[in-house]
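Here are my notes for you to read beside the model. Take them one point at a time.

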Amino acid sequence: MKKVWLLLSIFFILSCSGNKSQQATLLYEQGKEQEERGAVDSAVVTYNAAINLLEQTDNKPLLGEVYNRIGNLYLDNALYPNAYEAFQTALKYNSLLAEKSKASYSLRGMGKSYAYRLMPDSVLHFHLLANQLIPLIKDTDEIAGIYNNLATTYLSLKQYGKAAAYNTKTLQIVKDSIGIYRCYSIKADIFIAYHQYDSAQIYLKKGICSHNIYTKAGCYLQLSELAKQIKDPNYVQYLENSRALRDSIENNYQTADIAHIEQHYIKKIFIKKNSYE
């Protein structure tokens, strides 16, 4: 029934008056709403419908944006090769824009697709390409994202000096609390690498104040491991807190069968696209 209503809503938008770019914009907004509700499978279908229309228009900026969003959904659902392809396609369109925030975002997405496959050298390549675009980027949030990704990547490569430098750069411009707490977590890892455990604990205890459940759980786990290493008996409580948060994440997280959903959509919708001309 859910799929029926989804397809009917798409058919309704396609039957509305307006050009293809306007219809695609409506589908894009609907996809974002579905994504925010956690209806990932529906969002993928709707975004693909928007792409099908946008490829017949000159609205390349929106096309790049939609591919970026689909790339994120692939990352969230561990479909890393698919994520790379989506971001790569997004980059083709976003590179046409004079302002390079969206192109940088695409490059960082390509890098992240390698990060989750534990290929830090490839990750660094794409994040450095994004870093080269900074003179053409006006969005400070995007610049903060570049610096943060570089700090994380250099940390994974055990280049702690560079990690610390980019972590400091991030903290100087990051605005949102989630980004700040993530920086604290990275800074704590750097202090641990230098065996400065007291400083690491300070930043991890700041990190557990985050409203982001993933950051909070990660900081509790780091605190537990560090406390155990320095013979602090509080490590048991930290570990229990981390497990409780992890259980909450797992209970609320349902991986969408995106590949199946897309294939179903291609068969049932795209083959009939001539009906909507």
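This is a predicted model: local features need pLDDT of at least 70, side-chain atom pairs count only at pLDDT 80 or more; totals for chains, interfaces and linings use all residues.

1. Residues are numbered from 1 along each chain as its sequence is written, and side-chain values use heavy atoms, with hydrogens and water left out.

2. Start with helix H6, residues 101-115 (helices are DSSP runs of H or I, at least four residues, numbered from the N terminus). 11 of its 15 residues are buried, so H6 is largely enclosed by the rest of the structure; buried means under 20% relative accessible area, exposed over 50%, and partly exposed in between, with a 1.4 Å probe and protein chains only. Among the buried ones are Leu-107, Met-110 and Tyr-114.

3. Now the cysteines: a search of the whole structure finds zero disulfides (a disulfide is a pair of cysteine sulfur atoms within 2.5 Å). The sulfur of Cys-219 is 9.3 Å from the closest cysteine sulfur, in Cys-209, too far for a bond. Cys-219 is buried at 0% relative accessible area, whereas Cys-209 is partly exposed at 45%.

4. On to the rings, with 12 aromatic pairs (Phe, Tyr and Trp rings, the six-membered one for Trp, pair if their centres lie within 6.5 Å; planes under 30 degrees apart are stacked, over 60 edge-to-face, the rest tilted). Tyr-84 and Phe-126 have ring centres 5.9 Å apart and planes at 70°, so that pair is edge-to-face. Tyr-84 is in helix H5 and Phe-126 in helix H7, 42 residues apart, and both are buried.

Key
Helices (H or I, at least four residues) and strands (E, at least two) are DSSP runs, numbered from the N terminus. The expected span of a helix is 1.5 Å times one less than its number of residues.
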